[in-house]
Structure formats: structure tokens, C-alpha cells
Amino acid sequence: MGSIKVVISEKDPLLQKLYADLVKEKNGFSLVKIVTDINQLRAELPDGLMDIVILNFYQNNLNSIEALDALLTDYPKVDYILILDRKNSELERALLRRNIFKYFVSPFRFETLKQTLNDYQQYRLH
């Protein structure tokens, strides 16, 4: 198995760097691109070269289940780790019904994200 290809979709430059550093230090993962909005993300996904996206749910042009559903429909082979910036029980239940590998509500420990990447690597091996 080759390296797991990751795209980070995050508008905050500090979080972009933190997520990117985490991915880059992880064996078996390669950071392909950092994008700042859903339009840039859509431009990267058609190649089918991405395995997983670390995605800030509340960024420009993506703040609804309908927008997420469109991504899931258009790119069914891509997995997602979603970052929510606030607790929303209705949204969290909706995410559980979709093909989302994991979601976090900020603030969260980066150790948790690191463990999720480990879990995803194991998931891809089986």
C-alpha cells in the first residue's frame, strides 16, 4: 500500500500549519494540498488521488449538510475527518448517518487527531 494522500481544507492559517505538521510527521501519509474553501477542495478531488480530507465544516461555501452530501455523492471514494467549531447535536447525529470517518468538536487535543490518523491507517490496511 502506498502512502495515504491527505488534503486539508481549513481557512485558518494557524490550524492549516498545525494539521499539516501533524500529517507530515506521520509515516505512511502524504500531504497533497491545503485549500481554504469548498471550491478549491472540489477542484482537487476529481483526480481521485485523495484518500482523506481533514475538513473544517464551517468554512466558506460549506456550512450545511446539503453541501456535505454533494461532496459525498460526487466523490464517494474519499473519506473525511470533519472539524466542527461548535457543538450541534442535530448536526452530529446527521454526520453519524453519513460516510464520515470521524468528527471533532473544537477545541480538541491534537493527540486525538493523531490517533484518528492511526485508526484510519489501520482501517485502510483491512
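This is a predicted model: local features need pLDDT of at least 70, side-chain atom pairs count only at pLDDT 80 or more; totals for chains, interfaces and linings use all residues.
View 1. The buried residues of H1 pack against strands E1 (4-9), E2 (29-35), E3 (52-56) and E4 (79-84), and against helix H5 (110-125). These buried residues are Gln16, Tyr19, Ala20, Leu22 and Val23. Down the axis of H1 they fall within an arc of 160°, so they line one face of the helix. Pro13, Leu14, Lys24 and Glu25 are exposed, on the face turned away from the buried side.

View 2. At the helix start, a side-chain oxygen of aspartate 12 comes to within 2.8 Å of the backbone nitrogen of leucine 14.

**View 3. Salt bridge between arginine 42 and aspartate 74.** The closest N and O atoms are 2.9 Å apart. Arginine 42 sits in helix H2 (residues 38-44) and aspartate 74 in helix H3 (residues 65-74), so the pair ties together parts 32 residues apart in sequence. Arginine 42 is partly exposed at 24%; aspartate 74 is partly exposed at 42%.

**View 4. Salt bridge between aspartate 51 and arginine 124.** The N to O distance is 2.9 Å. Aspartate 51 is in the loop between H2 and E3, arginine 124 in helix H5, 73 residues apart. Aspartate 51 is buried, with a relative accessible area of 14%. Arginine 124 is partly exposed, at 30%.

**View 5. Salt bridge between aspartate 69 and arginine 98.** The closest N and O atoms lie 2.5 Å apart. Aspartate 69 belongs to helix H3 and arginine 98 to the loop between helix H4 (89-96) and strand E5 (102-105), so parts 29 residues apart in sequence are tied together.

Definitions and conventions
Residues are numbered from 1 along each chain as its sequence is written. Side-chain values use heavy atoms; hydrogens and water are left out. Buried means under 20% relative accessible area, exposed over 50%, partly exposed in between (1.4 Å probe, protein chains only). Helices (H or I, at least four residues) and strands (E, at least two) are DSSP runs, numbered from the N terminus. The arc is that of the directions from the helix axis to the C-beta atoms. Contact means heavy atoms within 4.5 Å. A polar contact is a pair of N or O atoms within 3.5 Å; within protein, one must be able to donate a hydrogen and the other to accept it, and residues adjacent in sequence count only if both atoms are side-chain atoms. A salt bridge is a side-chain nitrogen of Lys or Arg within 4 Å of a carboxyl oxygen of Asp or Glu.
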